Amino acid sequence: MQRLVLFALGAALACGQPRPIVLKTQTLFDGKGNTLKNTIVVIEGAKIARLGGAPPPGAVTYDLTALTVSPGWIDTHSHLAVHFDSSGRLSGANEPLTQSLLHITDNLALTLNAGFTTVQSPGAAIDKDLREATARGIVPGPRVLTSLEALTESSGGPEQLRQLVRERKAQGADLIKIFASKSIREGGAQTLTDAQLQAACGEARTLGLRTIVHAHSPESAKAATLAGCTSIEHGAYLTDEVFNLMASRVTYYDPNIGLVLQNYLENKPKYFGIGNYNEEGFAFMEKGVGIVLDTFKRALKHKDLKIIYGTDATAGAHGQNYREFIVRVHDGGQDPMQALISATSLSAESLGMGDQVGSIALGREADIIAFDGNPLNDVKAAARVVFVMKGGTVFENLAYGASRR
Ligand SMILES: [Zn+2]
């Protein structure tokens, strides 16, 4: 019998067939709120083939028992292409394309190494190429979903917006990004009419596309919710009334409270003087940190509201996407397991990918990460991802004591 097994293994190796992978775990969060103890995860190809039982013969084994295992995390709002150029300033149109691409490649790798295996990157045409490059499996990076270019107040009336939605679909967009309000730096007032929002979100729904809507003011978020849009992004000034409406309509809420503003402030000289990154803007962002935290605390009281995990990461923030978790739990008071569910299965559900990613279960993509420490007991452990598998391929493995940090 033993000889037969060895023979079978030898034959598999000779043919170059992929061997199954076994992850030995002691503490495993499945992403749905369950904690599994002392189990193994069997991976065949890109998928999770089994949980528990005996290891299959010939498997490659990774011992993750000293770590805490979780589904790969999801950032529903990260601008993967935005970066600082070689002179250390926010990149602009004059940057040589080769340098631009390599800085963007850094962003992809930093994001994946931080444990984020799926990222929705709204608003840049190049994201489609990033999606395809990382899907080839050589360049390290998360699964990428893209809206391509966003729709804004200058996109035109309802009929033109419908046309643009159809165009994005034809161009290969996974979703539609819509700006329905001004920025937080400019007060966040509604910029698209109710009719424009109904046209854009209605057309997208007809075509099977989700819509994520930048909306800071209560009016803009209410209009987007009533128009049937999928999620409200940022929502710095949302009220209990709007949260109630969003909960009853199952509109997802994507507050970005832990990384984006902090990162702008920490990197002020690299942004300053470009567009509306001026003294007034920075003064406002300093106030904004407290405003969005208060709004988040208010949102948490709405138990039916589906709060998903997005950071709005821009230049300087990539690879620190975990900071959103730390602020939500440490400063916002969110239950850490709920924050973890938000970053995994709930965000996957909001992307329409709940049966593919965001949980460790039979048949899911093998997107699995491990922390040195347990982020539910020690929030800062969220920063210490030392093992990253995406689609059954190990991209980072510092699990045996090596450390980059
Ligand atoms: Zn954004």
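Is histidine 77 buried or exposed? Histidine 77 is buried, with a relative accessible area of 1%. Please keep in mind that this is a predicted model. Here are some points to look at as you find your way around.

1. **The zinc site.** Start with the zinc ion, which is coordinated by His77 through NE2, His79 through NE2 and Asp312 through OD, at 2.1 Å. Along the chain, these donors follow the spacing H-x1-H-x232-D. Histidine 77 and aspartate 312 link distant parts of the chain, 235 residues apart. Histidine 77 sits in the loop between strand 6 (73-75) and helix 2 (97-113), while aspartate 312 sits in the loop between helix 10 and helix 11 (323-331). Aspartate 312 has 12% relative accessibility, so it counts as buried.

2. **The largest nonpolar core.** Next, turn to the hydrophobic side of things. The largest nonpolar core has 49 residues, and Ile178, Leu197 and Val213 have the most contacts inside it. Among the elements that give two or more residues to this core are helix 4, strand 9 (175-179), helix 5 and strand 10 (210-215). Helix 6 (218-226), helix 7 (240-249), helix 8 (260-266) and helix 10 (279-300) are also on that list. Helix 10 provides the largest share, eight residues.

3. A second, separate core has 33 residues, including Ala81, Leu108, Phe325 and Leu340.4. **Arginine 162 and its two partners.** With glutamate 159, arginine 162 forms a salt bridge whose closest N and O atoms are 3.6 Å apart. Arginine 162 and glutamate 159 are separated by about one helical turn, because they are three residues apart in helix 4 (residues 158-171). Arginine 162 also meets glutamate 203 in a salt bridge, at 3.4 Å from N to O. This second pair links distant parts of the chain, with glutamate 203 in helix 5 (residues 194-206) and arginine 162 in helix 4, 41 residues apart.

4. **How accessible are these partners?** Glutamate 159, at 51% relative accessibility, counts as exposed. Arginine 162 is partly exposed at 27%, and glutamate 203 is buried, with a relative accessible area of 10%.

5. Aspartate 378 is partly exposed at 33% relative accessibility, and arginine 384 is partly exposed at 29%. Elsewhere, salt bridges that share partners join Glu159, Arg162, Arg166 and Glu203 into one network.

6. **Asparagine 267.** A last stop is the loop between helix 8 and helix 9 (268-271), where you will find asparagine 267. Asparagine 267 is buried, with a relative accessible area of 13%. Its side chain and that of asparagine 263 are joined by a polar contact of 2.9 Å. Beyond its neighbours within four places in sequence, asparagine 267 is in contact with Phe84 and Gly316.

Methods: Residues are numbered from 1 along each chain as its sequence is written. This is a predicted model: local features need pLDDT of at least 70, side-chain atom pairs count only at pLDDT 80 or more; totals for chains, interfaces and linings use all residues. Side-chain values use heavy atoms; hydrogens and water are left out. A salt bridge is a side-chain nitrogen of Lys or Arg within 4 Å of a carboxyl oxygen of Asp or Glu. Helices (H or I, at least four residues) and strands (E, at least two) are DSSP runs, numbered from the N terminus. Buried means under 20% relative accessible area, exposed over 50%, partly exposed in between (1.4 Å probe, protein chains only). A nonpolar core is a set of buried Ala, Val, Leu, Ile, Met, Phe, Trp, Tyr and Cys residues joined through side-chain atoms within 4.5 Å. Donors are N, O and S atoms within 2.8 Å of the metal (3.2 Å for Na, K and Ca); water is not among the atoms, so sites may look incomplete. A polar contact is a pair of N or O atoms within 3.5 Å; within protein, one must be able to donate a hydrogen and the other to accept it, and residues adjacent in sequence count only if both atoms are side-chain atoms. Contact means heavy atoms within 4.5 Å.
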